[in-house]
Amino acid sequence: MSKITAAITGVQGYLPDYVLTNDELSKIVETSDEWITSRTGIKERRIMKDGASSDMAVGAVEGLLKKTNTRPEDVDLVILATVTPDYPFPSTANVLCDKLGMTNAWGYDLIAACSGFIYGLATGSQFIETGRYKKVIVVGVDKMSSIIDYEDRTTCIIFGDGAGAVMLEPNEDGLGVQDFILKSDGSGREYLVQPGGGSLNPTSIETIEKRMHFVRQEGKQVFKFAVTNMAEVSAEIMEKNNLTSDDVDWLVPHQANLRIIDATAKRMGLPEEKVMINIQKYGNTTAGTLPLCLWDYEKQLKKGDKLILSAFGGGFTWGSVYLKWAYNS
Ligand code: UT7
């Protein structure tokens, strides 16, 4: 019997309606469309005015179930990557399963910031490869607007809200997840962190007055680590799998900054037409960026295409997944 691999058999995104443009942001903080566009590549991002992360996840997964002809009760496992869960507990995966009637599934939330989706894809694929499960959903969702300080121009211009989800199913033709390299370095936690609200600094009037419930980022430091590590791990997975730049059909990069994406593509020797980019429309949706890229480019993907998904984010966490696309849409 041939080896079972975990193939993506469908992808679906969800974006809230409200569009926050660079021009609108420049009325809130001292910035400009020119600065944001030239430093990050972002033109606008979506904001969830009402509702929680689970509502965006519902939007994505509802569509995914329909698209893949899956009954909610047939789903085995839901892995939901987020840094903006509905509550500290219970998990947003639990909430999602309840809202969509996935009554036979269990699930959990996964915190790996911007690398959340690839961590989820790598772990979810193991449950398929072992033969234990037939339908695993991996969701990347973040309502970054709930933890962003709209008085801090260095962070509020970058982030947006959004969700994406994929279905993983067994494949016996060698398609799907081929390999992954995942890394972390907790000494980077001081550079990109939400300092308040956890067990270290439980919410108090003082933590709120010090604005510790918002994201803090030392952009320059994070940029430096992101450029190097995302590019290196992407090159590493190519070498490990004997892939040349001609072999790779698509780079699916985390959408944090266009300059980081360009550096990664350059290190891999890929021309820009092989790089998925939607940062101009959605900004950095943290765990949402990679499935949202797959969703936006789904129609251009062909069965057998070789994709490298790469990310770098808070933690620090980073890594790459190499997969073969499993269907034509
Ligand atoms: O997804 C998770 C991982 N996160 C990332 O990968 C983000 C990595 N970092 C970045 O993308 C970039 O560092 C930023 C986009 C956050 C900032 O860009 P930068 O080119 O690194 O700018 P900078 O922090 O070096 O700041 C340059 C100047 C500073 O002014 P001075 O000190 O040179 O006078 C900032 O105060 O730009 C100023 N500045 C702004 N000006 C207008 C910072 N933010 C803004 C702003 N509008 N929004």
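Phe312 is buried, its relative accessible area being 4%. This value, like the others here, comes from a predicted model. Phe316 is also counted as buried, with 2% relative accessibility.

The ring centres of Phe312 and Phe316 are 5.0 Å apart, and the planes of the two rings meet at 45 degrees. Planes under 30 degrees apart would count as stacked and planes over 60 as edge-to-face, so the pair of Phe312 and Phe316 is tilted.

## The aromatic cluster

Phe312 and Phe316 belong to one aromatic cluster, in which the other members are Tyr191, Phe225 and Trp318. Over the whole structure, the search for aromatic pairs finds ten.

## Trp250 and Tyr297

Another of the aromatic pairs joins Trp250 and Tyr297. Their ring centres lie 5.5 Å apart with the planes at 65 degrees, and planes over 60 degrees apart count as edge-to-face, so this pair is edge-to-face.

Trp250 is in strand β11, which covers residues 250-253, while Tyr297 is in helix α11, which covers residues 289-297. The pair therefore ties together parts of the structure that are 47 residues apart in sequence.

Both residues fall under the 20% limit for buried: Trp250 has a relative accessible area of 8%, and Tyr297 has one of 15%.

## A charge over a ring

Tyr18 has a charged group over its ring. The group is the charged end of Lys49, which sits 4.2 Å from the centre of the Tyr18 ring.

Terms used
Residues are numbered from 1 along each chain as its sequence is written. This is a predicted model: local features need pLDDT of at least 70, side-chain atom pairs count only at pLDDT 80 or more; totals for chains, interfaces and linings use all residues. Side-chain values use heavy atoms; hydrogens and water are left out. Rings of Phe, Tyr and Trp (its six-membered ring) pair if their centres lie within 6.5 Å; planes under 30 degrees apart count as stacked, over 60 as edge-to-face and the rest as tilted. Helices (H or I, at least four residues) and strands (E, at least two) are DSSP runs, numbered from the N terminus. Buried means under 20% relative accessible area, exposed over 50%, partly exposed in between (1.4 Å probe, protein chains only). A charge sits over a ring if NZ of Lys or CZ of Arg is within 6 Å of the ring centre and within 35 degrees of the ring normal.
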